[in-house]
Amino acid sequence: MAAALKTISNSHMSKLSHTGIDVESRIVIVGMGVTGLSVLRYLVDLGITPVIIDTREQPDNLQQIIEIQRRCPALEFATGKKAINHVCDATHVVVSPGISLKTPQLQHAREQGSVILGDIDIFALQATAPVIAITGSNGKSTVTTLVGKMIEATNHTVAVGGNIGTPALDLLSDPEPDFYVLELSSFQLECISHLRPAASVVLNISADHMDRYESLQEYTSAKLGIYEHAQVIVENGCDELAQSGTQLNQTQTRIRYGLSDDTGCSFRTGFIEGQEWILMGNQPLIPCSEVALQGRHNISNSLAALALVDAVRLDIKTVLPVLRQFSGLPHRMQLVSQTDDIKWFNDSKATNIGACQAALQGLSEPVILIAGGDAKGADFSEFATQVSKYIKYLIVLGKDAEKISTAFNRLVNIECVDTIDQAVLVADRVADAGDTVLLSPACASLDQFKNYQARGDAFVQAVQRLSA
């Protein structure tokens, strides 16, 4: 067994040589989150001893770092604001997605010749099975999960992760799966040089993370990097910002999809005898009414998933039952309750204005919207004008409640509250039969909650208490 492991290790080390990494390299991992921890485990298993740092004094995974140090005593770690200075003499810096590449010490390290990379590049050098890469402002997790389930339906093995669930490096196994499906954030895409996806998609683009990017253009550019080395470019024909906008090279092909009867889209929607269908070319696949995912935006997500499966040449007919069965992920247009003819939806994952807008546009009933949190620098003025027609009553809370209220002033009825519990009570008071209550915050959750899941759970519990 030891000899076999050594052979595998040598093979992986050989691939890492493309980055200049060897056992003599001084590698600094920046960030002790789930990504940084996965990089640390991977390198230590290869016999490489990096340094791992975090600018927080007490990062969540510190105890796990200490446990790894017990079996690798040479491992160094540092925490606190000054820990970032360790990158200054590094040959390689592996940057976690939450760390901006504009950090002065990282820029200085690059100028001094350090190689800056992310976990996705390390993964890309090791993986030999086809990779399907998915990004976008909204819907990434839904489409990533949906594609994974579709591949399973074709009796192929698949590993799903990246920005969702399992970090990419933890997906690597021997033997490999038939396919990898990766959700990738704009932060991860800032650090890719070696990724060569079999198929890539940018689902959509709307303003997000404006507290990290100087402009929408800079954010869009990071997203579109997913197309550069893809064999098949899958494009949303209804979102101009999300399209590659470049000529294909000789090895690339393009598949377009869209909520449109435009025949330029290989996967589209169209009406047959008064009923809307999902079509592949002119071939009807499934009535839109039979798709289990809620909301118009999820028809678009279903089209994207079908296009990606087609891009890797799997049988479309085999995967259609998945569309009838997969009703979505928690905290994404999750139907929590339907009592007194009032529907309650948990869409806590809507952490930006584009996600909230998509949720509102996908509903036909009058909406009592619960929104607010950390807006991440987003401008709500245009958003308010665009979506106010869908909103019967707006309930706002959190760090940027005043900012949101100002944007919606005189457009809708508004009430400010301090907690999710209060928001649910207000919604219950103002909702009439036939209304929909929607938690779709359009903001991050970290001002009041550990994460969007905790926010969604608090909402679900508050709704459940109404009928207790």
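In which helix does Asp119 lie? The residue belongs to helix H5, which covers residues 119-126. The views described below are taken from a predicted model.

View 1. Asp119 is buried but takes part in no salt bridge. The nearest side chain of opposite charge is that of Arg41, at a distance of 9.8 Å. When neighbours within four places in sequence are left aside, the contacts of Asp119 are Thr35, Val39, Val94, Ala168, Leu169 and Gln188.

**View 2. The open sheet of five strands.** The strands follow the order E3-E2-E1-E4-E5, and their pairing is parallel. Strand E3 (76-79) and strand E5 (115-117) form the edges, each pairing on one side only. From one strand to the next, the twist averages 20°. Within this sheet, strand E1 (residues 27-30) and strand E4 (residues 92-95) run parallel and are joined by four bridges. Ile27 has His92 of E4 as its bridge partner. Helix H3 (residues 62-71) lies across strand E2 (51-54) and E3, and runs at about 160° to E3.

**View 3. Parallel pairing of strands E10, E11 and E12.** Strand E10 (residues 232-236) and strand E11 (residues 253-258) are parallel, with five bridges between them. Opposite Val232 stands Thr253 of E11. E11 also runs parallel to E12, to which two bridges join it. Here Gly258 has Arg268 in E12 as its bridge partner.

**View 4. Two hairpins formed by strands E12, E13 and E14.** Strand E12 (residues 267-272) is antiparallel to strand E13 (residues 275-280), and six bridges connect them. Phe271 is bridged to Glu276 in E13. Two residues separate E12 from E13 in their hairpin, and Glu273 in the turn has a positive phi of about 50°. E13 then pairs with strand E14 (residues 283-287) in the antiparallel sense, over four bridges. The partner of Leu279 in E14 is Pro284. This hairpin likewise has two residues between its strands, with Gly281 in the turn at a positive phi of about 65°.

**View 5. The open sheet of six strands.** The order is E15-E16-E20-E17-E18-E19, and the pairing is mixed. E15 and strand E19 (413-416) each have a single partner strand, so one side of each lacks a neighbour in the sheet. The twist from one strand to the next averages 15°. E17 and E20 run parallel and are joined by four bridges. Val367 has Thr436 in E20 as its bridge partner. Helix H14 (residues 401-408) packs on the sheet, where it touches strand E18 (391-396) and E19, and its direction makes about 155° with that of E18. H15 also packs on the sheet, touching E16, E17, E18, E19 and E20, and its direction makes about 155° with that of E18.

**View 6. Helix H16 and its packing partners.** Helix H16 comprises the 15 residues 452-466. At 1.5 Å a residue the helix should span 21 Å, and its end C-alpha atoms are 22 Å apart, which agrees. Its buried residues are Tyr452, Arg455, Gly456, Ala458, Phe459, Val460, Ala462 and Val463. An α-helix has 3.6 residues a turn, so residues three or four places apart point the same way. The buried residues of H16 pack against strand E15 (334-339), strand E16 (342-346), strand E17 (367-371), helix H15 (420-430) and strand E20 (436-439).

Definitions and conventions:
Residues are numbered from 1 along each chain as its sequence is written. This is a predicted model: local features need pLDDT of at least 70, side-chain atom pairs count only at pLDDT 80 or more; totals for chains, interfaces and linings use all residues. Side-chain values use heavy atoms; hydrogens and water are left out. Buried means under 20% relative accessible area, exposed over 50%, partly exposed in between (1.4 Å probe, protein chains only). Lys and Arg count as positive and Asp and Glu as negative; His and the chain ends are not counted. A salt bridge is a side-chain nitrogen of Lys or Arg within 4 Å of a carboxyl oxygen of Asp or Glu. Contact means heavy atoms within 4.5 Å. Two strands pair if DSSP finds at least two bridges between them. Axes are lines fitted to C-alpha atoms, for helices over the stretch in contact, and angles run from 0 to 180 degrees between N-to-C directions. The expected span of a helix is 1.5 Å times one less than its number of residues.
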